Amino acid sequence: SANRGTTSTNAQSNGHARGPSMLFERPKVANDVTELIGNTPLVRLNRVTVGCQAEVLAKLESMEPCNSVKDRIAYSMITEAENRGEIAPGKTVLVEPTSGNTGIGLAMVAAAKGYELILTMPESMSMERRVLLKAFGANLVLTVASKGMKGAIAKAQEIVDSLGDKAFMLQQFENPDNPKIHLETTGPEIWTDTDGEVRQGGGAEAWLLHMVVVLVGRLFVGGGSGLGSLSCKPGLWAEVDLPGPLRWSAPRLIPLLCSLSPSLPSSLSGPQVDILVGGVGTGGTMTGCAQYLKGRKSSLITVAVEPRESAVLSGDQPGPHKIQGIGAGFVPRNADMSMFDEIQQVSSEESIDMARELAKKEGLLVGISSGAAVTAAIRVGSRPENANKKIVVIIPSFGERYLSTALFQTLWDDAAKMVTSDS
Ligand code: PMP
(Lines give C-alpha, C1' and ligand atoms only; values in the text may rest on other atoms or scores of the structure.)
Protein backbone atom coordinates (compact mmCIF):
# COMPACT_ATOMS: atom_id res chain seq x y z
CA SER A 1 0.00 0.00 0.00
CA ALA A 2 1.01 3.60 -0.37
CA ASN A 3 3.47 5.06 2.07
CA ARG A 4 1.26 6.99 4.41
CA GLY A 5 4.16 9.17 5.38
CA THR A 6 3.73 10.98 2.09
CA THR A 7 0.24 12.30 2.71
CA SER A 8 -0.02 16.02 2.86
CA THR A 9 -2.32 15.96 5.85
CA ASN A 10 0.08 13.87 7.84
CA ALA A 11 2.55 16.40 9.09
CA GLN A 12 5.94 14.87 9.49
CA SER A 13 8.07 15.91 12.36
CA ASN A 14 10.96 13.60 12.49
CA GLY A 15 11.74 12.37 9.02
CA HIS A 16 10.82 8.82 10.00
CA ALA A 17 8.81 6.98 7.43
CA ARG A 18 6.62 5.65 10.20
CA GLY A 19 5.49 6.54 13.65
CA PRO A 20 2.22 6.73 15.42
CA SER A 21 -1.01 7.40 13.72
CA MET A 22 -0.03 7.34 10.10
CA LEU A 23 -3.28 8.46 8.64
CA PHE A 24 -5.69 6.30 6.68
CA GLU A 25 -4.45 2.83 7.54
CA ARG A 26 -2.66 0.74 10.11
CA PRO A 27 0.30 -1.32 8.99
CA LYS A 28 -0.66 -4.96 8.42
CA VAL A 29 2.45 -5.95 10.31
CA ALA A 30 3.76 -3.33 12.71
CA ASN A 31 7.52 -3.26 13.18
CA ASP A 32 7.03 -2.63 16.87
CA VAL A 33 4.23 -1.65 19.23
CA THR A 34 4.84 2.10 18.79
CA GLU A 35 3.59 1.87 15.20
CA LEU A 36 0.22 0.91 16.62
CA ILE A 37 -0.13 4.20 18.49
CA GLY A 38 -2.72 6.60 17.11
CA ASN A 39 -5.19 6.25 14.26
CA THR A 40 -8.01 5.70 16.74
CA PRO A 41 -11.63 5.40 15.58
CA LEU A 42 -14.65 7.65 16.00
CA VAL A 43 -17.92 6.16 17.17
CA ARG A 44 -21.31 7.86 17.25
CA LEU A 45 -23.06 8.13 20.61
CA ASN A 46 -26.66 7.05 20.26
CA ARG A 47 -28.35 6.39 23.58
CA VAL A 48 -26.78 8.74 26.13
CA THR A 49 -27.52 11.68 23.86
CA VAL A 50 -31.31 11.84 24.13
CA GLY A 51 -32.41 15.46 23.90
CA CYS A 52 -29.17 16.42 22.22
CA GLN A 53 -29.78 17.58 18.65
CA ALA A 54 -26.11 17.63 17.72
CA GLU A 55 -24.26 14.60 16.40
CA VAL A 56 -21.74 13.48 19.03
CA LEU A 57 -18.78 11.42 17.85
CA ALA A 58 -16.44 9.92 20.45
CA LYS A 59 -12.75 9.59 19.59
CA LEU A 60 -11.62 6.43 21.30
CA GLU A 61 -8.16 7.07 22.68
CA SER A 62 -9.14 4.17 24.93
CA MET A 63 -8.13 1.97 21.98
CA GLU A 64 -4.46 2.94 22.08
CA PRO A 65 -2.07 0.01 22.76
CA CYS A 66 -1.91 0.98 26.45
CA ASN A 67 -5.46 2.28 26.46
CA SER A 68 -4.92 6.00 26.89
CA VAL A 69 -4.27 9.19 24.96
CA LYS A 70 -0.90 9.37 26.74
CA ASP A 71 0.59 6.70 24.48
CA ARG A 72 0.91 9.41 21.84
CA ILE A 73 2.95 11.80 23.97
CA ALA A 74 5.06 9.00 25.45
CA TYR A 75 6.08 8.13 21.88
CA SER A 76 6.51 11.74 20.83
CA MET A 77 8.51 13.00 23.82
CA ILE A 78 10.94 10.07 23.56
CA THR A 79 11.25 9.94 19.76
CA GLU A 80 11.65 13.68 19.26
CA ALA A 81 14.40 13.79 21.90
CA GLU A 82 16.07 10.86 20.12
CA ASN A 83 15.87 12.67 16.80
CA ARG A 84 17.52 15.72 18.33
CA GLY A 85 20.30 13.44 19.56
CA GLU A 86 19.55 14.19 23.20
CA ILE A 87 18.90 10.62 24.31
CA ALA A 88 19.71 7.05 23.26
CA PRO A 89 18.80 3.61 24.59
CA GLY A 90 21.52 2.11 26.75
CA LYS A 91 22.91 5.57 27.49
CA THR A 92 20.01 7.58 28.85
CA VAL A 93 17.89 6.97 31.93
CA LEU A 94 14.42 8.43 31.44
CA VAL A 95 12.82 9.94 34.53
CA GLU A 96 9.29 11.27 35.12
CA PRO A 97 7.12 11.92 38.15
CA THR A 98 3.78 10.39 37.21
CA SER A 99 1.17 8.20 38.77
CA GLY A 100 -0.99 8.10 35.74
CA ASN A 101 -1.41 7.08 32.16
CA THR A 102 1.73 8.92 31.08
CA GLY A 103 3.75 6.55 33.24
CA ILE A 104 2.13 3.54 31.61
CA GLY A 105 2.67 4.94 28.09
CA LEU A 106 6.29 5.78 28.90
CA ALA A 107 6.84 2.32 30.37
CA MET A 108 5.54 0.73 27.15
CA VAL A 109 7.62 2.90 24.79
CA ALA A 110 10.73 2.62 27.01
CA ALA A 111 10.36 -1.17 27.01
CA ALA A 112 9.91 -1.35 23.24
CA LYS A 113 12.91 0.89 22.59
CA GLY A 114 15.16 -0.50 25.33
CA TYR A 115 15.35 2.47 27.69
CA GLU A 116 15.81 2.38 31.44
CA LEU A 117 12.92 4.29 33.03
CA ILE A 118 12.49 5.60 36.57
CA LEU A 119 9.02 6.73 37.62
CA THR A 120 8.38 8.48 40.92
CA MET A 121 4.89 8.41 42.42
CA PRO A 122 3.13 8.86 45.74
CA GLU A 123 2.66 5.67 47.79
CA SER A 124 -1.10 6.38 47.83
CA MET A 125 -1.53 5.33 44.18
CA SER A 126 -3.35 2.04 43.65
CA MET A 127 -1.59 -1.31 43.79
CA GLU A 128 -2.66 -1.99 40.19
CA ARG A 129 -0.66 1.04 39.10
CA ARG A 130 2.48 -0.32 40.72
CA VAL A 131 1.99 -3.80 39.23
CA LEU A 132 1.27 -2.46 35.76
CA LEU A 133 4.37 -0.25 35.65
CA LYS A 134 6.56 -3.04 37.04
CA ALA A 135 5.20 -5.42 34.40
CA PHE A 136 6.86 -3.23 31.75
CA GLY A 137 10.13 -3.31 33.68
CA ALA A 138 9.98 0.30 34.88
CA ASN A 139 11.74 1.24 38.12
CA LEU A 140 9.36 2.70 40.69
CA VAL A 141 10.33 5.08 43.45
CA LEU A 142 7.54 5.70 45.96
CA THR A 143 7.22 8.98 47.85
CA VAL A 144 5.24 9.74 51.00
CA ALA A 145 1.50 10.15 50.46
CA SER A 146 1.22 13.33 52.53
CA LYS A 147 3.47 15.22 50.08
CA GLY A 148 1.26 14.28 47.10
CA MET A 149 2.53 14.82 43.54
CA LYS A 150 4.81 17.62 44.80
CA GLY A 151 6.82 15.00 46.67
CA ALA A 152 7.07 12.83 43.54
CA ILE A 153 8.23 15.80 41.47
CA ALA A 154 10.90 16.74 44.02
CA LYS A 155 12.11 13.13 44.13
CA ALA A 156 12.34 12.95 40.32
CA GLN A 157 14.43 16.13 40.29
CA GLU A 158 16.67 14.68 42.99
CA ILE A 159 17.23 11.55 40.87
CA VAL A 160 18.00 13.62 37.77
CA ASP A 161 20.49 15.74 39.73
CA SER A 162 22.22 12.65 41.06
CA LEU A 163 22.50 10.99 37.62
CA GLY A 164 23.78 14.11 35.85
CA ASP A 165 24.02 13.95 32.05
CA LYS A 166 22.74 10.38 31.92
CA ALA A 167 19.26 11.42 33.03
CA PHE A 168 16.51 12.94 30.93
CA MET A 169 13.26 14.22 32.43
CA LEU A 170 10.34 14.25 30.00
CA GLN A 171 8.20 16.91 31.76
CA GLN A 172 4.83 16.37 30.11
CA PHE A 173 3.33 19.60 31.48
CA GLU A 174 5.77 21.79 29.57
CA ASN A 175 7.39 19.59 26.92
CA PRO A 176 6.38 21.03 23.49
CA ASP A 177 6.51 17.53 21.99
CA ASN A 178 3.29 16.85 23.91
CA PRO A 179 0.95 19.28 22.05
CA LYS A 180 3.02 18.76 18.89
CA ILE A 181 1.98 15.12 18.44
CA HIS A 182 -1.69 16.13 18.75
CA LEU A 183 -1.17 18.86 16.17
CA GLU A 184 0.44 16.31 13.88
CA THR A 185 -1.74 13.25 14.43
CA THR A 186 -4.83 13.53 16.66
CA GLY A 187 -6.07 16.76 15.03
CA PRO A 188 -5.53 15.58 11.42
CA GLU A 189 -7.21 12.26 12.23
CA ILE A 190 -10.31 14.07 13.50
CA TRP A 191 -10.32 16.23 10.38
CA THR A 192 -9.95 13.43 7.85
CA ASP A 193 -12.34 11.14 9.70
CA THR A 194 -15.15 13.71 9.69
CA ASP A 195 -14.84 15.11 6.20
CA GLY A 196 -16.54 12.37 4.23
CA GLU A 197 -13.73 12.32 1.67
CA VAL A 198 -12.80 9.25 -0.34
CA ARG A 199 -10.23 7.06 1.34
CA GLN A 200 -7.28 5.24 -0.03
CA GLY A 201 -8.47 2.18 -1.88
CA GLY A 202 -11.83 3.75 -2.59
CA GLY A 203 -11.51 2.75 -6.25
CA ALA A 204 -12.35 4.60 -9.44
CA GLU A 205 -16.12 4.68 -8.97
CA ALA A 206 -15.94 6.22 -5.56
CA TRP A 207 -13.38 8.64 -6.87
CA LEU A 208 -15.52 9.73 -9.84
CA LEU A 209 -18.60 10.15 -7.67
CA HIS A 210 -16.59 12.17 -5.22
CA MET A 211 -15.20 14.39 -7.97
CA VAL A 212 -18.72 15.18 -9.21
CA VAL A 213 -19.84 16.07 -5.70
CA VAL A 214 -16.79 18.23 -5.07
CA LEU A 215 -16.93 20.12 -8.35
CA VAL A 216 -20.68 20.66 -8.28
CA GLY A 217 -20.35 21.75 -4.68
CA ARG A 218 -17.56 24.15 -5.36
CA LEU A 219 -18.87 25.61 -8.60
CA PHE A 220 -22.59 25.88 -7.97
CA VAL A 221 -23.57 25.32 -4.38
CA GLY A 222 -20.66 26.82 -2.58
CA GLY A 223 -20.97 24.25 0.17
CA GLY A 224 -18.11 22.09 -0.95
CA SER A 225 -15.48 24.23 0.67
CA GLY A 226 -14.43 21.66 3.17
CA LEU A 227 -14.42 18.79 0.73
CA GLY A 228 -12.82 20.93 -1.91
CA SER A 229 -10.01 22.23 0.21
CA LEU A 230 -8.90 18.76 1.08
CA SER A 231 -9.52 17.34 -2.36
CA CYS A 232 -7.20 19.97 -3.76
CA LYS A 233 -4.29 18.54 -1.88
CA PRO A 234 -2.22 16.72 -4.49
CA GLY A 235 -0.74 14.38 -1.91
CA LEU A 236 -4.17 13.09 -1.00
CA TRP A 237 -4.92 12.00 -4.54
CA ALA A 238 -1.66 10.17 -4.77
CA GLU A 239 -3.14 7.92 -2.07
CA VAL A 240 -6.28 6.97 -3.97
CA ASP A 241 -6.24 3.70 -5.84
CA LEU A 242 -6.88 4.88 -9.41
CA PRO A 243 -6.61 3.17 -12.80
CA GLY A 244 -3.53 4.01 -14.92
CA PRO A 245 -4.27 7.26 -16.79
CA LEU A 246 -6.10 8.79 -13.86
CA ARG A 247 -3.26 7.93 -11.54
CA TRP A 248 -1.04 10.33 -13.42
CA SER A 249 -3.57 13.03 -14.23
CA ALA A 250 -5.71 13.22 -11.10
CA PRO A 251 -3.07 14.61 -8.75
CA ARG A 252 -2.19 17.22 -11.36
CA LEU A 253 -5.61 18.13 -12.74
CA ILE A 254 -7.68 18.22 -9.58
CA PRO A 255 -5.67 20.92 -7.82
CA LEU A 256 -5.74 22.90 -11.07
CA LEU A 257 -9.52 22.57 -11.42
CA CYS A 258 -9.96 23.44 -7.78
CA SER A 259 -7.84 26.53 -8.14
CA LEU A 260 -9.95 27.67 -11.12
CA SER A 261 -13.23 27.27 -9.28
CA PRO A 262 -14.33 30.09 -6.98
CA SER A 263 -12.21 29.74 -3.90
CA LEU A 264 -14.18 29.62 -0.71
CA PRO A 265 -12.90 30.30 2.75
CA SER A 266 -12.63 27.03 4.60
CA SER A 267 -14.34 28.69 7.54
CA LEU A 268 -17.63 28.24 5.70
CA SER A 269 -19.23 25.25 7.29
CA GLY A 270 -18.31 22.05 5.51
CA PRO A 271 -19.22 18.60 6.63
CA GLN A 272 -16.34 18.46 9.10
CA VAL A 273 -16.25 18.72 12.84
CA ASP A 274 -17.85 21.93 14.20
CA ILE A 275 -17.09 21.60 17.91
CA LEU A 276 -14.25 19.82 19.72
CA VAL A 277 -14.73 18.87 23.37
CA GLY A 278 -12.03 17.45 25.65
CA GLY A 279 -10.62 17.49 29.15
CA VAL A 280 -7.50 19.41 30.13
CA GLY A 281 -4.78 17.69 32.14
CA THR A 282 -1.50 18.92 30.72
CA GLY A 283 -3.56 20.66 28.04
CA GLY A 284 -1.57 18.94 25.29
CA THR A 285 -4.47 17.14 23.63
CA MET A 286 -6.80 20.13 23.39
CA THR A 287 -4.07 22.64 22.52
CA GLY A 288 -2.55 20.55 19.72
CA CYS A 289 -5.91 19.47 18.26
CA ALA A 290 -7.24 23.03 18.42
CA GLN A 291 -4.16 24.42 16.69
CA TYR A 292 -4.62 22.00 13.80
CA LEU A 293 -8.39 22.11 13.49
CA LYS A 294 -8.74 25.90 13.82
CA GLY A 295 -6.13 26.16 11.08
CA ARG A 296 -8.40 24.12 8.83
CA LYS A 297 -11.67 25.70 9.89
CA SER A 298 -11.56 29.04 11.68
CA SER A 299 -15.18 28.74 12.81
CA LEU A 300 -14.43 25.60 14.82
CA ILE A 301 -15.31 25.96 18.50
CA THR A 302 -13.27 24.27 21.23
CA VAL A 303 -14.67 23.40 24.64
CA ALA A 304 -12.13 22.64 27.37
CA VAL A 305 -13.42 20.56 30.28
CA GLU A 306 -12.25 20.77 33.90
CA PRO A 307 -13.46 19.47 37.27
CA ARG A 308 -16.07 21.70 38.92
CA GLU A 309 -14.30 21.11 42.26
CA SER A 310 -10.99 22.39 40.87
CA ALA A 311 -12.00 24.90 38.19
CA VAL A 312 -8.61 26.57 37.87
CA LEU A 313 -8.96 27.35 34.15
CA SER A 314 -12.13 29.26 35.06
CA GLY A 315 -10.23 31.22 37.72
CA ASP A 316 -11.36 29.27 40.79
CA GLN A 317 -9.22 27.75 43.53
CA PRO A 318 -7.78 24.24 43.08
CA GLY A 319 -9.47 21.51 45.10
CA PRO A 320 -9.67 17.74 45.50
CA HIS A 321 -11.67 15.86 42.85
CA LYS A 322 -12.01 12.34 41.45
CA ILE A 323 -11.49 12.97 37.73
CA GLN A 324 -8.04 11.41 37.28
CA GLY A 325 -6.05 12.86 34.40
CA ILE A 326 -7.63 16.31 34.29
CA GLY A 327 -7.69 19.23 36.72
CA ALA A 328 -4.01 19.41 37.67
CA GLY A 329 -4.69 22.33 40.02
CA PHE A 330 -2.69 24.88 38.02
CA VAL A 331 -2.64 26.17 34.44
CA PRO A 332 0.05 24.08 32.71
CA ARG A 333 2.41 25.65 30.21
CA ASN A 334 1.12 23.16 27.60
CA ALA A 335 -2.43 24.52 27.94
CA ASP A 336 -2.73 27.43 25.50
CA MET A 337 -5.77 29.19 26.92
CA SER A 338 -6.15 31.28 23.75
CA MET A 339 -7.08 28.05 21.94
CA PHE A 340 -10.08 27.34 24.20
CA ASP A 341 -13.29 29.13 23.24
CA GLU A 342 -15.23 27.90 26.22
CA ILE A 343 -14.55 26.20 29.54
CA GLN A 344 -17.07 23.70 30.89
CA GLN A 345 -17.02 22.59 34.50
CA VAL A 346 -18.18 19.07 35.30
CA SER A 347 -18.39 17.57 38.79
CA SER A 348 -16.78 14.29 39.77
CA GLU A 349 -20.22 12.83 40.41
CA GLU A 350 -21.57 13.81 36.99
CA SER A 351 -18.43 12.38 35.37
CA ILE A 352 -18.69 9.06 37.18
CA ASP A 353 -22.41 8.78 36.40
CA MET A 354 -21.81 9.44 32.71
CA ALA A 355 -18.89 6.98 32.50
CA ARG A 356 -21.19 4.30 33.96
CA GLU A 357 -23.96 5.25 31.52
CA LEU A 358 -21.54 5.01 28.59
CA ALA A 359 -20.77 1.40 29.54
CA LYS A 360 -24.42 0.45 30.07
CA LYS A 361 -26.03 2.32 27.19
CA GLU A 362 -23.33 2.54 24.53
CA GLY A 363 -21.16 -0.47 25.38
CA LEU A 364 -18.23 1.89 25.82
CA LEU A 365 -16.07 1.15 28.85
CA VAL A 366 -14.26 4.41 29.57
CA GLY A 367 -12.53 6.32 32.35
CA ILE A 368 -13.86 9.07 34.58
CA SER A 369 -12.45 11.96 32.53
CA SER A 370 -14.27 10.54 29.49
CA GLY A 371 -17.49 10.82 31.48
CA ALA A 372 -16.62 14.46 32.16
CA ALA A 373 -15.94 15.20 28.49
CA VAL A 374 -19.13 13.50 27.27
CA THR A 375 -21.22 15.33 29.90
CA ALA A 376 -19.87 18.62 28.56
CA ALA A 377 -20.36 17.55 24.93
CA ILE A 378 -24.03 16.72 25.55
CA ARG A 379 -24.55 20.02 27.38
CA VAL A 380 -23.13 22.00 24.50
CA GLY A 381 -24.88 19.82 21.91
CA SER A 382 -28.24 20.38 23.60
CA ARG A 383 -28.19 24.12 22.93
CA PRO A 384 -30.67 24.99 20.17
CA GLU A 385 -28.02 26.84 18.17
CA ASN A 386 -25.94 23.65 18.00
CA ALA A 387 -28.68 21.43 16.59
CA ASN A 388 -27.26 19.40 13.69
CA LYS A 389 -23.70 20.43 14.49
CA LYS A 390 -21.01 17.78 14.50
CA ILE A 391 -19.24 17.43 17.86
CA VAL A 392 -16.12 15.36 18.40
CA VAL A 393 -15.41 14.46 22.03
CA ILE A 394 -12.11 12.95 23.17
CA ILE A 395 -12.34 9.72 25.19
CA PRO A 396 -8.92 9.70 26.89
CA SER A 397 -8.87 6.30 28.53
CA PHE A 398 -10.39 2.82 28.92
CA GLY A 399 -12.53 1.87 31.92
CA GLU A 400 -10.62 -1.21 32.96
CA ARG A 401 -7.95 0.99 34.54
CA TYR A 402 -10.54 2.24 37.04
CA LEU A 403 -11.99 -1.01 38.38
CA SER A 404 -10.86 -0.32 41.94
CA THR A 405 -11.62 3.42 41.86
CA ALA A 406 -14.81 5.29 42.70
CA LEU A 407 -16.01 4.52 39.17
CA PHE A 408 -16.59 0.84 39.80
CA GLN A 409 -15.97 0.58 43.56
CA THR A 410 -19.46 -0.71 44.36
CA LEU A 411 -19.27 -3.35 41.62
CA TRP A 412 -15.86 -4.36 42.92
CA ASP A 413 -17.16 -4.70 46.48
CA ASP A 414 -20.26 -6.58 45.32
CA ALA A 415 -18.14 -8.92 43.24
CA ALA A 416 -15.90 -9.65 46.23
CA LYS A 417 -18.94 -10.60 48.32
CA MET A 418 -20.44 -12.96 45.76
CA VAL A 419 -20.85 -16.63 46.66
CA THR A 420 -21.44 -19.66 44.48
CA SER A 421 -25.05 -20.52 43.72
CA ASP A 422 -24.67 -24.23 44.49
CA SER A 423 -24.42 -25.11 48.20
N1 PMP B 1 -7.96 12.04 30.88
C2 PMP B 1 -7.06 11.14 31.24
C3 PMP B 1 -7.52 9.85 31.87
C4 PMP B 1 -5.72 11.41 31.08
O5 PMP B 1 -4.79 10.49 31.47
C6 PMP B 1 -5.34 12.64 30.51
C7 PMP B 1 -3.92 12.95 30.36
N8 PMP B 1 -3.37 13.44 31.61
C9 PMP B 1 -6.30 13.57 30.14
C10 PMP B 1 -7.61 13.22 30.33
C11 PMP B 1 -5.99 14.95 29.61
O12 PMP B 1 -5.07 15.01 28.56
P13 PMP B 1 -4.01 16.19 28.44
O14 PMP B 1 -2.91 15.92 29.41
O15 PMP B 1 -3.52 16.09 27.04
O16 PMP B 1 -4.66 17.49 28.72
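Residues are numbered from 1 along each chain as its sequence is written. Because the model is predicted, local features need pLDDT of at least 70 and side-chain atom pairs count only at pLDDT 80 or more, whereas totals for chains, interfaces and linings use all residues.

The secondary structure of the protein chain comprises 13 helices and ten strands; helices (H or I, at least four residues) and strands (E, at least two) are DSSP runs, numbered from the N terminus. Of the 423 residues in the protein chain, 47% are buried. A residue is termed buried if 20 or more other C-beta atoms lie within 10 Å of its own, exposed if 12 or fewer do, and partly exposed in between, with C-beta atoms placed from the backbone. Contacts are assigned to two residues whose C-beta atoms, placed from the backbone, lie within 7 Å. Among contacts between residues at least 6 apart in sequence, 69% join residues at least 24 apart.

Strands of a sheet pair through backbone hydrogen bonds, either parallel or antiparallel. Here, two strands are taken to pair if DSSP finds at least two bridges between them. An open sheet of six strands has the order β1-β2-β10-β7-β8-β9, with mixed pairing. Strands β1 (42-44) and β9 (342-346) stand at its edges with a single partner strand each, so one side of each is left without a neighbour in the sheet. From one strand to the next, the twist averages 25 degrees; axes are lines fitted to C-alpha atoms, for helices over the stretch in contact, and angles run from 0 to 180 degrees between N-to-C directions.

Within this sheet, strand β2 (residues 55-60) pairs with both β1 and β10. The pairing of β1 with β2 is antiparallel and extends over three bridges, with Leu42 opposite Lys59 of β2. Strand β2 runs parallel to strand β10 (residues 390-395), to which six bridges join it. Two of the residue pairs between these strands are Glu55 opposite Lys390 and Lys59 with its bridge partner Ile394. Five of the six residues of β2 are buried, so β2 is largely enclosed by the rest of the structure.

A further open sheet consists of four strands in the order β5-β4-β3-β6, with parallel pairing. Its edge strands, β5 (139-143) and β6, each pair on one side only. The twist in this sheet averages 25 degrees from one strand to the next. Strand β3 (residues 93-97) and strand β4 (residues 116-122) are joined in the parallel sense by five bridges, and Thr120 in β4 is the bridge partner of Pro97.

Helix α11 (residues 348-362) meets α12, their axes coming within 7 Å and crossing at roughly 95 degrees. This angle makes α11 roughly perpendicular to α12, a class that covers 65 to 115 degrees, while angles under 35 degrees count as roughly parallel, over 145 as roughly antiparallel and the rest as oblique. The contact involves residues of α11 including Glu350, Ile352 and Leu358, and residues of α12 including Ile368, Ser369 and Val374. By class, the residues of the contact divide into seven nonpolar, five polar and two charged. For this division, Ala, Val, Leu, Ile, Met, Phe, Trp, Tyr, Cys and Pro count as nonpolar, Asp, Glu, Lys and Arg as charged, and the others, Gly among them, as polar.

The ligand is surrounded by 19 residues, of which the closest are Gly281, Thr285, Gly325, Ser369 and Pro396; a residue is near a molecule if its C-beta atom, placed from the backbone, lies within 6 Å of it. The shell divides into four nonpolar, 14 polar and one charged. Ser369 also takes part in the contact between α11 and α12.

Three loop residues were examined individually. Asn388 lies in the loop between α12 (368-381) and β10 and counts as exposed, with 9 C-beta neighbours inside 10 Å. Apart from its neighbours within four places in sequence, Asn388 is in contact with Gln53 and Ala54. Asn67, in the loop between β2 and α1 (70-83), is buried, with 23 C-beta neighbours inside 10 Å. Its phi is near 65 degrees, a positive value in a residue other than glycine. Gln171, in the loop between β6 (167-169) and α5 (177-193), likewise has a positive phi, near 55 degrees, but is partly exposed, with 18 other C-beta atoms within 10 Å.
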